[in-house]
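Q: Hi! Could you walk me through this structure, starting with how the helices pack?
A: Happy to, here it is.

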4 protein chains.
Amino acid sequence: MLGSNRYGKSGIRLVRVDRSAPRHVLVDLTVDVWLEGEFDDAYVSGDNRAVLRTDTMRGTVFALAGDGPVGELEAFGLRLVGHFIQTVPSASLATVELVAEPWARIEVGGAEHDHAFTLAGGGRHTARVTRLGTDDRVVAGVTDLVVLKTAGSAFEGFFRDGFTTLEDTGERVLATAVSAGWRYRDTAVDWSGAFERARRALVESFATHDDSNSLQHTLYAMGEELLEACPEVEEVRMVMPNRHHLLVDLEPYGKRNDGGVFVATDRPFGVIEGTVVRPGASAAGRAWG
Amino acid sequence: MLGSNRYGKSGIRLVRVDRSAPRHVLVDLTVDVWLEGEFDDAYVSGDNRAVLRTDTMRGTVFALAGDGPVGELEAFGLRLVGHFIQTVPSASLATVELVAEPWARIEVGGAEHDHAFTLAGGGRHTARVTRLGTDDRVVAGVTDLVVLKTAGSAFEGFFRDGFTTLEDTGERVLATAVSAGWRYRDTAVDWSGAFERARRALVESFATHDDSNSLQHTLYAMGEELLEACPEVEEVRMVMPNRHHLLVDLEPYGKRNDGGVFVATDRPFGVIEGTVVRPGASAAGRAWG
Amino acid sequence: MLGSNRYGKSGIRLVRVDRSAPRHVLVDLTVDVWLEGEFDDAYVSGDNRAVLRTDTMRGTVFALAGDGPVGELEAFGLRLVGHFIQTVPSASLATVELVAEPWARIEVGGAEHDHAFTLAGGGRHTARVTRLGTDDRVVAGVTDLVVLKTAGSAFEGFFRDGFTTLEDTGERVLATAVSAGWRYRDTAVDWSGAFERARRALVESFATHDDSNSLQHTLYAMGEELLEACPEVEEVRMVMPNRHHLLVDLEPYGKRNDGGVFVATDRPFGVIEGTVVRPGASAAGRAWG
Amino acid sequence: MLGSNRYGKSGIRLVRVDRSAPRHVLVDLTVDVWLEGEFDDAYVSGDNRAVLRTDTMRGTVFALAGDGPVGELEAFGLRLVGHFIQTVPSASLATVELVAEPWARIEVGGAEHDHAFTLAGGGRHTARVTRLGTDDRVVAGVTDLVVLKTAGSAFEGFFRDGFTTLEDTGERVLATAVSAGWRYRDTAVDWSGAFERARRALVESFATHDDSNSLQHTLYAMGEELLEACPEVEEVRMVMPNRHHLLVDLEPYGKRNDGGVFVATDRPFGVIEGTVVRPGASAAGRAWG
């Protein structure tokens, strides 16, 4: 018996250049498309009559990009899910996920260049756009936003069992690669403006949350600040892996660690996940998948 | 307002060698641990009194491995989730995910060596074990199981819209990296025996499903065969990315493609997901997360 | 002033299926092409008249694959470098590097399937083929050959300075991912036969070198055994990163480590490189790059 | 017979925080150490008496970091190679490679924060420092410097053979991830100042080289500009993989590509390598390996 199922196309690499003005505009996206609906016959009996090829999903992304500037991620995602739901009779839910490469203009002699770019830091802008029937939902976000602080972070007073060997840490390096997604109430949003406010709220609250008792504690503070900065947001979900920095014991080398010599470790790593919701927020529906 | 949340430790790299007999036994695991429960105070007010450190999760994996041979993934996972639920008062759900490296004995002169190993193919054995209160659940699986067939696979008669440009394909290369997880009815299972039956069912049905009309079609056939081979399994979930092989047009080079010259492409790629459930299967609870 | 330079195409993904018999033959290669020669004008003055496009390098790989079965890596590489040197007047040195995916036939009911395959372990077969003028050179090799032994390996009596803190280890886990390349004397070689002998020599000598004093020691023993097994080989070069396995101190958990509980670490890792040369070996020329 | 050989430690992850002033200083390095010399006995007879453990190389990096601020990469590398050559009698050549994570201060309310950082773009600063006997050499560089331009780049008039199918391109997207290393004449250098001048020369010349006929052409222009900006540099070596952007044919979708809809492809990709040397430059010795 066939249970839940979906299919789609991943990793569609669209680069759109707008050269209509001397100052070229560059949008560089990786797009994933997913469909759910009445596709059971393809699985059970091998009948493909309801199935839109995944190659056509790819082609659709490029075709719609050919209509003109793709503009904001969120808006382009909405055009795509609308197209898929309108075009594919068997599809009840269409999902489009987009990730943008963070290109910044190269500065030459102090001025931004018109058509030369370099990859910047600060994380990638993401969007997850769904249409379920006629219900459009937008979750914007940021991923690979790597931040670190060298003060203002402790981890003390935790639960201890027989296998707990570490002591309290009054001062440490706190580092993480933030992945966050925030759900908008509706689609009447200034996407770029809201994104910038949200991103800044995350980064600044990470920097200024100076009585951090844990990554959990900082995560919640960041979520609260984002909700405050963005009244159009109902809910924010964050995944924050801990990039551990361990003090190195220098005594075997006849030296004293002044508190500033660390080894950064890859594995294992802690991961903190949490959601901060605005009281009275609307139901999420299928916005998150 | 804090919504759903969890935290844990990822990437715990445990290698357990049993040298009690001349024929050494090697178990090589990557373990992830997750806890859910009453941890709100850590997020909201920075009160860590309920929080088991993630470093203690790591230590626990090694400590329990010190008690003796770790044995089968599923059994070791059950010991771990049992320990966490018993030890951490605030935890209501404990999840342990395990992935095993597929070591095989080196053959020397036709005989298996006692203490020398090489990494084999055929995918990695996985397990996802949860305890919710007193309810133990086990999902076993396989990941990175890469398979390919050069005949017996078509893709025809699909839905066409205005952006569909490809024609029917009567014969093609079908390739995928199978990730599958199957949920056991209870925990009274011969874990290794069931795993081997399940894995063989997946691989052999992929090979012999010779009237494949799509990857969806093959996925369903594989799930059905697995349920038939493993009466102890209630449900199987599969994710199968399509590793596309495109026929190369050799005409510009003055040659004819005899149907056997392909370019393997990385991105974009189709992804097919599906669940095959035994009629009358028990509810999954939190087994899948 | 322009100094040394070269250019080429990387990552050409050729899959060649031979369906001329019921038992299909599958060759899955990643090919890199490099040219050196008189290409200075392209760099210095932007004059492209001497430059073969890298897209043409790609096309050439597929075009020659269209002539019939590609056969052995080494032979296909020789055809390619011959073609490039003959075709491109400015090229004095052509290099082709090939890596083969290790596909194995799926077994169904104990018999190898005719047209279904799964990725095996045991490392990837590589070849590096060069033509300098009329001088053909072939280096075959293996990469990602991961091996591990749980006995027969020590590390003792090493040099100590003031920062040396570890003690001798009489018994340890020795693990590495072997990358090896061996240079053939000429091109009159049974490529597949020699490859199998060489690979087996590496794997078996790793397994049976039971008085290993270090990874260096084992590397040399492996190289010696390969030269003995393959009289057609002049020289073998090996890179062997140490996949460290550290004994876990279980005392803080109130347990004793019986010598079998390890943590596998990613970084940092030791790397051992070495060459074993047959006395009286011919000069390597540009065989290694 | 043992031929050339070396060994070392890779991936030493040192993070050094200097909290001596309110404005904390953060240095985040990945360090590799290599030794060459009289280590034959370890390989051939398993005699380790000359061998410095790779674990001691790791410890040495942390121990020297404990002496105070590590300062500039190049200076820290010089201290390390000096230490190894002085300490290890068998070592004739010591090499230290360093890569720095590009942390930038988080801005809060327009001002740089004292102790909160985010990963920036613009590539990573690298250094390769060697001591051969008493001869110190420094190569600084940059890696992962991703740049792209949407105008000013053509590829025309190239060599054509029978397998050349593409036409001239008068206007295209040119993108690459620059890896460059530049060799200093001696060690009396303002490391940070020279690095900034060199990096800026690379980025600005990429942006302003507006009659680019090829990636080779641009590479050479970048090298020339770097030598002009940095009189202390003798030679620069660059590796520039081509990040291809292909115009998408939109005609099958009933649309016209206005020249701005591209697909970015991963594999295969062209790679251009080249060296630009100052006339009369000193010999490189073992500076490059």
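A: A word on terms before we start: a crossing is left-handed if the near helix is turned anticlockwise from the far one by less than a right angle, and right-handed if clockwise. Helices (H or I, at least four residues) and strands (E, at least two) are DSSP runs, numbered from the N terminus. The model is predicted: local features need pLDDT of at least 70, side-chain atom pairs count only at pLDDT 80 or more, and totals for chains, interfaces and linings use all residues. Residues are numbered from 1 along each chain as its sequence is written, while chains are lettered from A and ligands numbered from 1 in the order in which they are written.

Q: Great. What is the handedness of the crossing of α4(A) and α5(A)?
A: The crossing of α4(A) and α5(A) is right-handed.

Q: And at what angle do α4(A) and α5(A) pack?
A: About 145°, and the axes of α4(A) (residues 191-208) and α5(A) are 8 Å apart. Axes here are lines fitted to C-alpha atoms, for helices over the stretch in contact, and angles run from 0 to 180 degrees between N-to-C directions.

Q: Which residues make the contact?
A: Among them are A:Ala198, A:Leu202 and A:Phe206 of α4(A), with A:Met222 and A:Leu226 of α5(A) on the other helix. Two residues are in contact if their C-beta atoms, placed from the backbone, lie within 7 Å.

Q: Switching topic: how many residues of chain A are in contact with chain B?
A: 61 residues of chain A, and they touch 61 residues of chain B.

Q: Which element gives the most to that side of chain A?
A: β1(A) does, with twelve residues. Other elements giving two or more residues include α2 (54-65) and α5 (215-229) of chain A.

Q: OK, now chain C. How many residues of chain A are in contact with chain C?
A: Eight, and they meet eight residues of chain C.
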